[in-house]
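Work through the exercises below with the sequence and the structure at hand. Try each task before reading its solution.

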Amino acid sequence: MTASSDLRGISNELITTLAQARSEAIKRGGRVTVCMSADGAACIATGGWEQGWIMFTDDTRAGLTASIDAGETVLRVFPKSSNDTVINGNMTYVSYGADGFSKMMSGAFLAGTLQVCNTSTGIADTERARKLTISDSGRVLVTKPSVGSTCPAP
């Protein structure tokens, strides 16, 4: 029961952060980005989202990956998840433009998936994962995927 609750809690935190980033981008009329972060101060491009993540204003969009530059503000920090959580996918950042659409640093549309997995023993396969699909419009769809090979075995 605890493992299932942890999975829901971490999934909801990530979903909430993405929704807040989208809302902030619209409200501010400028780019807001969420990226993986192990230290709560800088984006990283390796490892998984379970290391933690940050949400920040991203006015400069310097380079091809997300990075916090001078004058940009960290709006929210989420620390490292429990050891039983793995968050993998095909995105190292999610960035929202002033229109609320998810965008790459180049301005092209950004879409992808993140999967939150719990590796604890004693949890049913149907309750071990949540798949977050981020569409190019910026909306997040949450589903319970079949676990298969996308989640590490307990």
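## Exercises on a predicted model

The protein chain of this predicted model contains 1 helix and 8 strands.

**Exercise 1.** Describe the open sheet of 4 strands: which order do its strands have, and which strands are its edges?

*Solution.* Step 1: the order is 3-2-1-5, and the pairing is antiparallel. Step 2: strand 3 and strand 5 (93-96) are the edge strands, since each pairs on one side only. Step 3: from one strand to the next, the twist averages 10°.

**Exercise 2.** Examine the pairing of strand 2 with strand 3: over how many bridges does it run?

*Solution.* Step 1: strand 2 covers residues 53-57, and its antiparallel pairing with strand 3 runs over 4 bridges. Step 2: within strand 3, Phe 78 is the residue opposite Trp 53.

**Exercise 3.** Locate Ser 81 and decide whether Ser 81 is buried or exposed.

*Solution.* Step 1: Ser 81 sits in the loop that joins strand 3 (74-78) to strand 4 (85-89). Step 2: the relative accessible area of Ser 81 is 7%. Step 3: buried means under 20%, so Ser 81 is buried. Step 4: apart from neighbours within four places in sequence, Ser 81 contacts Ile 10, Glu 50 and Ile 87.

**Exercise 4.** Find what percentage of the 154 residues in the protein chain is buried.

*Solution.* Buried residues make up 42% of the chain. The chain exposes about 7,400 Å², of which carbon and sulfur atoms supply 54%.

How values were computed: Residues numbered from 1 in each chain as written. Predicted model: local features only at pLDDT ≥ 70, side-chain atom pairs only at ≥ 80, totals over all residues. Heavy atoms only, no water. Helix = DSSP H or I, 4+ residues; strand = E, 2+ residues; numbered from the N terminus. Buried < 20%, exposed > 50% of the residue type's maximum accessible area, 1.4 Å probe, protein only. Contact = heavy atoms within 4.5 Å. Pairing = 2+ DSSP bridges. Axes fitted to C-alpha atoms, helices over the stretch in contact; angles between N-to-C directions. Areas by Shrake-Rupley, 256 points an atom, 1.4 Å probe, with all protein chains shown as cover.
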